[in-house]
Amino acid sequence: MSPSSSSASKPSFDKPLSLPLSLEEVDRINAHLRDLTPEKILEWAVEHVPGLYQTTAFGLTGLVAIDMLSKITSNPPPLIFVDTLYHFPETYELVEDVKNRYNREVHVYKPDGCASVEDFENKYGQKFWQTDETTYDYVVKVEPARRAYEELGVKAVITGRRASQGADRANLQPLEVDSTGLVKLNPLFAWTFPFVQWYVDENKVPRNKLLDQGYRSIGDWHSTVKSADGDQGERAGRWAGKAEKTECGLHVDYFKMKAAAEAKLKEKALQEQAHESASVTTTPAVEANA
(Lines give C-alpha, C1' and ligand atoms only; values in the text may rest on other atoms or scores of the structure.)
Protein backbone atom coordinates (compact mmCIF):
# COMPACT_ATOMS: atom_id res chain seq x y z
CA MET A 1 0.00 0.00 0.00
CA SER A 2 1.43 3.39 -0.98
CA PRO A 3 1.75 6.24 1.56
CA SER A 4 -0.93 8.21 -0.26
CA SER A 5 -3.45 5.36 -0.12
CA SER A 6 -2.63 4.75 3.56
CA SER A 7 -3.24 8.42 4.33
CA ALA A 8 -6.50 8.33 2.38
CA SER A 9 -7.79 5.41 4.49
CA LYS A 10 -7.06 7.20 7.76
CA PRO A 11 -10.32 8.50 9.27
CA SER A 12 -10.75 12.24 9.54
CA PHE A 13 -12.57 14.14 12.27
CA ASP A 14 -13.71 17.72 12.69
CA LYS A 15 -11.22 20.05 14.38
CA PRO A 16 -12.66 20.69 16.86
CA LEU A 17 -15.27 17.98 17.17
CA SER A 18 -18.85 19.15 16.96
CA LEU A 19 -20.65 18.37 20.22
CA PRO A 20 -22.80 16.60 21.23
CA LEU A 21 -21.44 13.44 19.62
CA SER A 22 -23.80 10.90 18.08
CA LEU A 23 -23.49 7.23 19.02
CA GLU A 24 -22.24 6.53 15.51
CA GLU A 25 -19.51 9.16 15.86
CA VAL A 26 -18.47 7.81 19.27
CA ASP A 27 -18.14 4.33 17.74
CA ARG A 28 -16.11 5.71 14.84
CA ILE A 29 -13.79 7.61 17.19
CA ASN A 30 -13.28 4.55 19.40
CA ALA A 31 -12.51 2.38 16.39
CA HIS A 32 -9.73 4.85 15.58
CA LEU A 33 -8.41 5.33 19.13
CA ARG A 34 -8.61 1.74 20.33
CA ASP A 35 -5.29 0.64 18.83
CA LEU A 36 -3.35 3.82 19.56
CA THR A 37 -0.87 4.31 22.39
CA PRO A 38 -1.92 6.55 25.31
CA GLU A 39 0.39 9.28 24.00
CA LYS A 40 -1.25 9.17 20.56
CA ILE A 41 -4.74 9.20 22.13
CA LEU A 42 -3.77 12.30 24.09
CA GLU A 43 -2.28 13.94 20.99
CA TRP A 44 -5.52 13.29 19.12
CA ALA A 45 -7.59 14.68 22.01
CA VAL A 46 -5.56 17.88 22.31
CA GLU A 47 -6.02 18.42 18.58
CA HIS A 48 -9.70 17.51 18.29
CA VAL A 49 -11.62 17.77 21.57
CA PRO A 50 -13.03 21.19 22.60
CA GLY A 51 -13.30 22.35 26.20
CA LEU A 52 -10.85 19.67 27.34
CA TYR A 53 -9.70 19.51 30.98
CA GLN A 54 -8.12 16.82 33.13
CA THR A 55 -9.85 15.84 36.37
CA THR A 56 -7.46 14.12 38.73
CA ALA A 57 -7.11 12.94 42.32
CA PHE A 58 -3.39 12.49 41.55
CA GLY A 59 -3.47 8.71 41.40
CA LEU A 60 -0.77 6.98 39.37
CA THR A 61 -2.69 6.81 36.09
CA GLY A 62 -3.64 10.47 36.26
CA LEU A 63 -0.02 11.35 37.02
CA VAL A 64 1.13 9.39 33.98
CA ALA A 65 -1.28 11.35 31.80
CA ILE A 66 -0.02 14.63 33.28
CA ASP A 67 3.57 13.63 32.49
CA MET A 68 2.70 12.51 28.96
CA LEU A 69 0.86 15.75 28.24
CA SER A 70 3.85 17.78 29.44
CA LYS A 71 5.84 16.19 26.60
CA ILE A 72 3.10 16.49 23.97
CA THR A 73 2.12 20.14 24.27
CA SER A 74 3.29 23.37 25.90
CA ASN A 75 -0.35 24.17 26.64
CA PRO A 76 -1.86 21.03 28.22
CA PRO A 77 -5.50 20.80 29.30
CA PRO A 78 -6.04 22.55 32.66
CA LEU A 79 -6.16 20.40 35.81
CA ILE A 80 -9.17 20.09 38.14
CA PHE A 81 -8.75 18.69 41.65
CA VAL A 82 -11.84 17.98 43.75
CA ASP A 83 -10.76 18.56 47.34
CA THR A 84 -13.09 16.58 49.58
CA LEU A 85 -11.36 18.17 52.62
CA TYR A 86 -10.56 14.64 53.84
CA HIS A 87 -7.53 13.75 51.73
CA PHE A 88 -4.36 12.51 53.39
CA PRO A 89 -1.66 15.17 54.09
CA GLU A 90 0.56 13.22 51.66
CA THR A 91 -1.99 13.80 48.89
CA TYR A 92 -1.98 17.56 49.43
CA GLU A 93 1.83 17.44 49.44
CA LEU A 94 1.74 15.59 46.10
CA VAL A 95 -0.50 18.28 44.58
CA GLU A 96 2.18 20.86 45.38
CA ASP A 97 4.90 18.58 43.98
CA VAL A 98 3.02 18.27 40.68
CA LYS A 99 2.42 22.03 40.46
CA ASN A 100 6.13 22.67 40.95
CA ARG A 101 7.42 19.85 38.73
CA TYR A 102 5.21 20.66 35.73
CA ASN A 103 4.62 24.37 36.36
CA ARG A 104 0.89 23.74 36.34
CA GLU A 105 -2.05 25.63 37.79
CA VAL A 106 -4.65 23.46 39.50
CA HIS A 107 -8.31 24.47 39.76
CA VAL A 108 -9.39 23.32 43.24
CA TYR A 109 -13.07 22.76 44.03
CA LYS A 110 -14.38 21.99 47.52
CA PRO A 111 -17.83 21.13 48.90
CA ASP A 112 -20.17 24.07 48.35
CA GLY A 113 -19.78 26.73 51.05
CA CYS A 114 -17.07 24.81 52.89
CA ALA A 115 -13.48 26.00 53.10
CA SER A 116 -12.48 23.61 55.89
CA VAL A 117 -13.40 20.40 57.69
CA GLU A 118 -14.91 22.54 60.45
CA ASP A 119 -17.18 24.29 57.94
CA PHE A 120 -18.24 20.94 56.49
CA GLU A 121 -19.01 19.31 59.83
CA ASN A 122 -20.94 22.35 61.05
CA LYS A 123 -23.11 22.00 57.95
CA TYR A 124 -23.47 18.21 57.66
CA GLY A 125 -22.40 16.82 61.02
CA GLN A 126 -19.45 14.67 61.98
CA LYS A 127 -18.64 11.47 60.09
CA PHE A 128 -21.27 12.17 57.44
CA TRP A 129 -19.70 9.40 55.33
CA GLN A 130 -20.93 6.91 57.95
CA THR A 131 -24.49 8.18 58.27
CA ASP A 132 -25.15 8.58 54.53
CA GLU A 133 -22.24 7.57 52.32
CA THR A 134 -23.96 8.08 48.96
CA THR A 135 -25.05 11.62 49.80
CA TYR A 136 -21.59 12.28 51.21
CA ASP A 137 -20.08 11.24 47.86
CA TYR A 138 -22.44 13.60 46.06
CA VAL A 139 -21.68 16.55 48.35
CA VAL A 140 -17.88 16.22 48.43
CA LYS A 141 -17.16 14.92 44.93
CA VAL A 142 -20.01 15.01 42.43
CA GLU A 143 -21.46 18.47 43.13
CA PRO A 144 -18.04 20.21 43.24
CA ALA A 145 -17.06 18.51 39.98
CA ARG A 146 -20.26 19.59 38.23
CA ARG A 147 -19.79 23.13 39.57
CA ALA A 148 -16.27 23.12 38.13
CA TYR A 149 -17.53 21.96 34.75
CA GLU A 150 -20.17 24.69 34.62
CA GLU A 151 -17.94 27.52 35.85
CA LEU A 152 -14.95 26.60 33.68
CA GLY A 153 -16.88 25.66 30.55
CA VAL A 154 -15.70 22.06 30.59
CA LYS A 155 -16.97 19.94 27.69
CA ALA A 156 -14.65 16.96 28.07
CA VAL A 157 -12.40 15.49 30.74
CA ILE A 158 -9.36 13.23 30.73
CA THR A 159 -9.72 10.49 33.36
CA GLY A 160 -7.34 7.97 34.90
CA ARG A 161 -9.66 4.99 34.55
CA ARG A 162 -8.39 1.69 33.17
CA ALA A 163 -10.19 -1.53 32.19
CA SER A 164 -7.86 -3.67 34.30
CA GLN A 165 -9.24 -1.98 37.43
CA GLY A 166 -12.26 -4.23 36.92
CA ALA A 167 -15.86 -3.91 38.12
CA ASP A 168 -17.73 -1.21 36.15
CA ARG A 169 -14.50 -0.35 34.31
CA ALA A 170 -13.91 -3.79 32.81
CA ASN A 171 -15.41 -2.86 29.41
CA LEU A 172 -13.98 0.64 29.29
CA GLN A 173 -13.53 2.34 25.93
CA PRO A 174 -11.08 5.13 25.07
CA LEU A 175 -13.90 7.65 24.72
CA GLU A 176 -17.33 7.79 26.33
CA VAL A 177 -20.18 10.27 26.71
CA ASP A 178 -22.06 10.30 30.02
CA SER A 179 -25.73 11.06 30.71
CA THR A 180 -25.00 14.81 30.96
CA GLY A 181 -23.27 14.91 27.57
CA LEU A 182 -19.80 15.22 29.11
CA VAL A 183 -17.12 13.56 26.98
CA LYS A 184 -14.76 11.34 28.98
CA LEU A 185 -11.41 10.40 27.51
CA ASN A 186 -9.64 7.39 29.00
CA PRO A 187 -6.20 7.42 27.35
CA LEU A 188 -4.72 4.60 29.45
CA PHE A 189 -7.85 2.44 29.25
CA ALA A 190 -5.90 -0.57 27.93
CA TRP A 191 -2.88 -0.35 30.23
CA THR A 192 -2.45 -2.77 33.12
CA PHE A 193 -0.92 -1.67 36.42
CA PRO A 194 2.61 -2.99 35.59
CA PHE A 195 2.70 -0.68 32.55
CA VAL A 196 1.66 2.27 34.70
CA GLN A 197 4.26 1.42 37.35
CA TRP A 198 6.95 1.02 34.69
CA TYR A 199 6.19 4.45 33.21
CA VAL A 200 6.20 6.14 36.64
CA ASP A 201 9.56 4.60 37.52
CA GLU A 202 11.13 5.15 34.10
CA ASN A 203 10.12 8.82 33.94
CA LYS A 204 10.53 9.61 37.64
CA VAL A 205 6.94 10.80 37.89
CA PRO A 206 5.98 12.26 41.29
CA ARG A 207 3.91 9.79 43.34
CA ASN A 208 2.08 9.64 46.63
CA LYS A 209 4.42 8.66 49.47
CA LEU A 210 1.69 6.44 50.92
CA LEU A 211 2.25 3.98 48.07
CA ASP A 212 5.54 3.08 49.75
CA GLN A 213 3.76 2.43 53.04
CA GLY A 214 1.47 -0.41 52.00
CA TYR A 215 -1.37 1.55 50.39
CA ARG A 216 -2.42 0.54 46.89
CA SER A 217 -5.25 2.94 46.05
CA ILE A 218 -5.66 6.22 47.88
CA GLY A 219 -8.80 8.26 48.50
CA ASP A 220 -10.15 9.96 51.61
CA TRP A 221 -8.26 9.04 54.79
CA HIS A 222 -11.40 7.71 56.48
CA SER A 223 -12.20 5.20 53.71
CA THR A 224 -8.70 4.06 52.74
CA VAL A 225 -6.65 1.38 54.47
CA LYS A 226 -3.43 -0.41 53.67
CA SER A 227 -3.97 -3.40 51.40
CA ALA A 228 -3.86 -6.70 53.28
CA ASP A 229 -1.59 -9.61 52.42
CA GLY A 230 -3.04 -11.46 49.46
CA ASP A 231 -5.14 -8.53 48.21
CA GLN A 232 -4.87 -8.64 44.44
CA GLY A 233 -7.22 -5.88 43.28
CA GLU A 234 -5.62 -2.70 41.98
CA ARG A 235 -7.96 -0.70 44.20
CA ALA A 236 -7.45 -2.84 47.30
CA GLY A 237 -7.85 -0.84 50.49
CA ARG A 238 -10.52 1.51 49.13
CA TRP A 239 -13.91 1.31 50.87
CA ALA A 240 -12.70 -1.55 53.06
CA GLY A 241 -15.41 -4.06 53.93
CA LYS A 242 -17.75 -2.79 51.20
CA ALA A 243 -17.32 -5.24 48.35
CA GLU A 244 -20.30 -3.78 46.49
CA LYS A 245 -18.79 -0.29 46.29
CA THR A 246 -16.45 0.28 43.35
CA GLU A 247 -16.99 3.95 42.41
CA CYS A 248 -17.06 7.22 44.35
CA GLY A 249 -19.89 8.77 42.34
CA LEU A 250 -18.04 10.67 39.64
CA HIS A 251 -18.63 7.91 37.10
CA VAL A 252 -22.22 6.90 37.87
CA ASP A 253 -25.50 8.38 36.59
CA TYR A 254 -25.34 12.04 37.63
CA PHE A 255 -29.04 12.82 37.43
CA LYS A 256 -30.09 9.83 39.54
CA MET A 257 -27.45 10.58 42.14
CA LYS A 258 -28.35 14.27 42.25
CA ALA A 259 -32.06 13.57 42.71
CA ALA A 260 -31.43 11.04 45.48
CA ALA A 261 -28.96 13.29 47.28
CA GLU A 262 -31.16 16.38 47.10
CA ALA A 263 -34.10 14.39 48.49
CA LYS A 264 -31.96 13.13 51.37
CA LEU A 265 -30.61 16.61 52.13
CA LYS A 266 -34.12 18.08 52.11
CA GLU A 267 -35.29 15.35 54.49
CA LYS A 268 -32.28 16.01 56.74
CA ALA A 269 -33.03 19.74 56.83
CA LEU A 270 -36.68 19.13 57.74
CA GLN A 271 -35.67 16.76 60.55
CA GLU A 272 -33.23 19.32 61.96
CA GLN A 273 -35.87 22.04 61.71
CA ALA A 274 -38.40 19.87 63.53
CA HIS A 275 -35.85 19.05 66.21
CA GLU A 276 -35.08 22.76 66.74
CA SER A 277 -38.79 23.60 66.95
CA ALA A 278 -39.34 20.85 69.50
CA SER A 279 -36.43 22.13 71.59
CA VAL A 280 -37.88 25.65 71.66
CA THR A 281 -41.33 24.32 72.61
CA THR A 282 -40.04 22.24 75.50
CA THR A 283 -37.81 24.96 77.01
CA PRO A 284 -39.28 25.93 80.44
CA ALA A 285 -40.63 29.46 80.64
CA VAL A 286 -38.82 31.80 83.03
CA GLU A 287 -41.01 33.94 85.30
CA ALA A 288 -40.51 37.65 84.86
CA ASN A 289 -39.96 38.29 88.58
CA ALA A 290 -37.86 35.20 89.26
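Predicted model: local features only at pLDDT ≥ 70, side-chain atom pairs only at ≥ 80, totals over all residues.

Colleague: At what angle do helix H4 and helix H5 pack?

Modeller: Two packed helices are described by the angle between their axes and the distance between the axes. Helix H4 (residues 60-72) and helix H5 (residues 89-102), helices being DSSP runs of H or I with at least four residues, pack at about 10° with axes 11 Å apart, where axes are lines fitted to C-alpha atoms over the stretch in contact and angles run from 0 to 180 degrees between N-to-C directions. H4 is therefore roughly parallel to H5, a term for angles under 35 degrees. Contact means heavy atoms within 4.5 Å, and here Leu63, Ile66, Asp67 and Ser70 of H4 meet Leu94, Val98, Arg101 and Tyr102 of H5.

Colleague: And which residues of H3 and H4 meet?

Modeller: Helix H3 (residues 38-48) packs on H4 at about 65°, with axes 10 Å apart. Pro38, Glu39, Leu42, Glu43 and Val46 in H3 meet Ala65, Met68, Leu69 and Ile72 in H4.

Colleague: Where does His222 lie, and which side chain makes a polar contact with the side chain of His222?

Modeller: His222 lies in the loop between helix H9 (193-202) and helix H10 (254-281). A polar contact is a pair of N or O atoms within 3.5 Å, one able to donate a hydrogen and the other to accept it within protein, and residues adjacent in sequence count only if both atoms are side-chain atoms; the side chain of His222 makes one with the side chain of Tyr136, at 2.8 Å.

Notes:
Residues numbered from 1 in each chain as written. Heavy atoms only, no water. Helix = DSSP H or I, 4+ residues; strand = E, 2+ residues; numbered from the N terminus. Parallel < 35°, antiparallel > 145°, perpendicular 65-115°, else oblique.
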